[in-house]
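Please open the model in your viewer and keep the selection panel at hand. The stops below are meant to be taken in order.

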Amino acid sequence: MTLAHSLYGRLLAWLALPLLTLGALLLLQAWLEARATADRAYDRLLDASSLAIAEQVQWQDGRLWLDLPPAALEMLAGDAQERVFYSLVDQQGRHITGNAKLPAITDTHDTDDAPLFYRDITWQELRLRLGIRQSHLEGWRSKERFEVRVAHTREGRVALRLELLRGNLAGILGMGALAIATLLMAVRGALKPLTRLRKAIRTRDPRTLAPLELELPRELAELREALNDLLARMRRVRANQERFIGDASHQLRTPLAGISARAELALRQTQPEQWHTALEAIHAAGERSARLAMQLLSLTRLDNPEQRPELTPLDLNDCVRQAVRAHWVACHQAGVDLGADCSASPVLVAASDWQLQEALTNLIDNSRRYGARRITLGVLSHPPRLFIEDDGPGISAEQRLAVLRPFHRGRDDGEGSGLGLAIVDGIAHKHGARLSLSEGEAGRGLRVELDFPETAS
């Protein structure tokens, strides 16, 4: 797993982003400070050099005259061997003396308040720093103004900037390394509770569903409580499964024990008529056992949260007609009048065909087994509704919720297993439908209704 797909890597990335941004800003500030410091240092040298030259300017023979001291230029030529230029210009802008005719600065003003100006210029393909000092000579006859222009190449400034930047860079890198080390330790320390939670889950017995007891920070404590809630639901599900398995074992054991007892009794008989009677009883018990096994499989499939039926548009009228055709022969042989009351127009719902057939099969089988002589399947359109009504003994109002639980029979003398209505209720939940039980026509029998949600045409 890469860092990009791990919580550790994501935390490092999000925390390192502002740290890198701060480091970039510190580097930029260090560069700007180094440049400003180097410029201030060399501008002061320009100031001192121009001042030393200006102090040597004199008035002689009716013109400006300069006796240049060597130190005035040597102070600008450092270890980087910069090239230094100077020029003396009178108030008319005429070049008097110097080793170069340096350009003027056009945006300056002749004011004593600002006697010195600095500019970065390009002159004869050389990048220079130019300083211009405005000064004057005062005598008892006249006042002569002049300019001292001094410029030098930038090698020394660049070297000083890099030297200052290297000094600041060492400190910044040291602080960056310390910050990264602190960040790594902080992230590891913050994730230690998560590591403890992971180890606690991995070392648990997979068969135990006991709640987790582990001291964790508030954020992870919420995760622990969510896990404990999940474990509690799983304990309830397991308890229901164990109870269901116990009830199913009991329900299957009874007919199987009856089959075994009937077979053992038949083996002791010698008359063919007695064998025939025993075989009929064994056949009936086998059919009940097979029916019970099929119902148990259906209920198990419905209880599986991962199993989701594929819902397609179906006409409830077609489902009712198909159920009547499938069960008409068996009901006719049992003396039960099975009929259908369909809607005049199609009633479409989103449903699973086999599950609706399973629900109708269980409802018809329940009505037939509990003594109904007339069973009617019907469809209503507003809202989409599927119903089955019989004239049997019905179910009392206080028992109608209880019979939806597996293995709960409304009556003890019937042949049912107590799973039919539980299966129908599970199918209703899978389809988002509402199951309701009520009295049949004229207060007799049972009416079961499935109200489906409206489906767009």
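Begin by selecting Cys 319, which in this predicted model has a relative accessible area of 2% and therefore counts as buried, the cut-off being under 20%.

Next, select residues 348-351, which form strand β10. Which residues lie on its covered face, and which on its uncovered one? Val 349 and Ala 351 make up the covered face of β10, while Leu 348 and Ala 350 belong to the uncovered face. Now bring in strand β8, residues 312-315, which pairs with β10 in the antiparallel sense over four bridges; to follow one of the contacts between them, pick Pro 313, whose bridge partner in β10 is Ala 350.

Then move to helix α1, residues 7-54, a run of 48 residues whose first and last C-alpha atoms are 70 Å apart, close to the 70 Å expected at 1.5 Å a residue. Centre the view on Ala 16, where α1 has a kink of about 30°, shortly before the proline Pro 18.

Finish with the spans that an unreviewed UniProt entry lists under "transmembrane region", namely residues 12-32 and 169-191. Residues 12-32 are 100% helix and 0% strand in the model, with their end C-alpha atoms 30 Å apart. For residues 169-191 the end C-alpha atoms lie 32 Å apart, and this span is likewise 100% helix and 0% strand.

Conventions
Residues numbered from 1 in each chain as written. Predicted model: local features only at pLDDT ≥ 70, side-chain atom pairs only at ≥ 80, totals over all residues. Heavy atoms only, no water. Helix = DSSP H or I, 4+ residues; strand = E, 2+ residues; numbered from the N terminus. Expected span 1.5 Å × (residues − 1). Bend = angle between axes of the 7 residues up to and from the residue. Buried < 20%, exposed > 50% of the residue type's maximum accessible area, 1.4 Å probe, protein only. Pairing = 2+ DSSP bridges. UniProt positions renumbered as here; feature names shortened; annotations may be inferred.
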